[in-house]
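Please walk me through this structure, part by part.

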Amino acid sequence: MLKLENVSGGYGGEPVIQDISFSVAQGNFFGILGPNGSGKTTLLKMISGLIPNSSGSIQLNNRNIDLFSRKALAQKMAVLPQLTAHAFSYTVRETVALGRYAHHEGFFQTWTSDDERVLQTVMEQTNITGFQHQTIQELSGGEQQRVFLAQALAQEPDLLLLDEPTNHLDLAYQKDLLDLLKKGTKHDGLIVVSIFHDLNLASLYCDRLLLLEKGKERAIHSPDGVLKEHLIQDVYKTNVRKYPHPVVAKPQMHLLPDALEMHNKPIKIDSSMLSVKTDRIALTSPIPLRTLSSGVCGAGIGWNNQFVNRHVPDDYYCADPADEMQAYLETNGFDVSRTVGMMTAVDLKNVAHSHSENKGVSLFTVVTAGTENATDSARPVAQTLAQGTINIWLFVNGCLTDQAFIQAIMTATEAKAQALKELDIHDKWTGTIATGTSTDSILVAATQQGRSVPYAGAATELGQLIGQSVFTETKKAIINDQGK
């Protein structure tokens, strides 16, 4: 275990680091964060013993590092510095072999079978065996960093210290290097302490983080406990937003540039942007809209400026509808990366839409609806029909919060169910009032301009617009479809 207790110190008597305490157990990855000049590198040098601490203690495996000889400390601790130019043309093998020096005694060193075993193991772990006879200068930056990691691992340390190890490495090499380090902690019990400038990489790989500001601790906790918007904004003096990683249960911080890619001229989404053809309904926005959608393409949260509701036959079937829909969009000139795509068997001429406003917020609602496969979601029954679908588009001319997006979906769903109830639409399999169809889709898209809209529940101004328009347009679309 690495343990720091009330550590202070710096250069020339100046207390760069002030009263820092933390511990890192075996098998843990610990990250040190902070803006330039916060003392990150000074702290790492104090842990490594390169500069003394003026007060407090630094212990490794319950022993003060001051009590280790340099060679004994090198058997317990290895340092991987930032990648720099190297003057000597050592081969990869020779460079890695230098890591075994700490385990040799006497001036005339003898290479042992144990040395060879460790050398081959670490070269294989870091995937550098294939170019072990090349010189360092022949390698790319990422390959060089893997070589120096292998050299550090050849010391067989309990603790590995790293100063911004991914600096100057491209994305793939950053991931490869940090994956190797994470594997070392989990499989070999290695303690890793690393400085990071990239908050998101630190969040993904570290078990705990220390945030420094002017040599003092501002926070020490899990990534979620340290990467808080108000804290990062205060320490780094910049505007950020916190969002969860889409796959890993870790937070990610997003910078908000001052000069955002926004149009000064307000944009209002309305019927003038809507195109209705026999094979599709499409709306193209002059700016990307923030969207939450259940479409076949463009599902989830994103930014899109093209929206397509495509007509398909009643007997449409495809093993991979998303792939087939993407091909359709590309063939018809839509940018798939910026398009939400839906499908319906409803005759598109029966579309219903309206524009409504309420105290500075406006809404454009588009609905296509068929009820041949209407279902009661409270009594689900397996169905094979796909003729009917209720697709709802809600375009909000306003700035929605994440909460408002979710509430808009809820309000629209409730209004849709109420429309089906008033029209006495039944589930053919259960005989009960239908709440929707088995293939419904919904979209909420916002310009993110103008008035801020924090909520969209039924009691709010936007919620009232959504409820009234979805109820009215859904009824109208169903009646249109039934009249055919």
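Which residue lies over the face of Y328, and at what distance from the ring centre? R310 does, at 4.2 Å from that centre. K71 is placed likewise over the face of Y101, 4.6 Å from the ring centre. A charge sits over a ring if NZ of Lys or CZ of Arg is within 6 Å of the ring centre and within 35 degrees of the ring normal.

A word on the source. This is a predicted model, in which local features need pLDDT of at least 70 and side-chain atom pairs count only at pLDDT 80 or more, while totals for chains, interfaces and linings use all residues. Residues are numbered from 1 along each chain as its sequence is written, and side-chain values use heavy atoms, with hydrogens and water left out.

Now the overall layout. The chain is divided into domain 1 (2–255) and domain 2 (271–483). These bounds come from an automatic or database domain assignment. The C-alpha centres of domain 1 and domain 2 lie 51 Å apart.

Next, a sheet. Four strands form an open sheet in the order β2-β1-β4-β5, with antiparallel pairing. Its edge strands are β2 (17–24) and β5 (63–64), and each pairs on one side only. Strands (E, at least two residues) and helices (H or I, at least four) are DSSP runs, numbered from the N terminus. Two strands pair if DSSP finds at least two bridges between them. Strand β1 (residues 2–9) is joined to β2 by 5 bridges, and the two run antiparallel. G9 has I17 as its bridge partner in β2.

Then helix α5, residues 141–154. Its 14 residues should span 20 Å at 1.5 Å a residue, and the end C-alpha atoms are 20 Å apart, which agrees. The expected span is 1.5 Å times one less than the number of residues. In α5, 13 of the 14 residues are buried, so the helix is largely enclosed by the rest of the structure. Buried means under 20% relative accessible area, exposed over 50%, and partly exposed in between (1.4 Å probe, protein chains only). After α5 comes E156, with a positive phi near 50 degrees.

Last, the aromatic rings. Rings of Phe, Tyr and Trp (its six-membered ring) pair if their centres lie within 6.5 Å; planes under 30 degrees apart count as stacked, over 60 as edge-to-face and the rest as tilted. The count is 5 aromatic pairs. W393 and F395 have ring centres 5.9 Å apart and planes at 85 degrees, so this pair is edge-to-face. W393 is buried at 2% relative accessibility, and F395 is buried at 0%. Ring pairs link F307, F364, W393 and F395 into a cluster.
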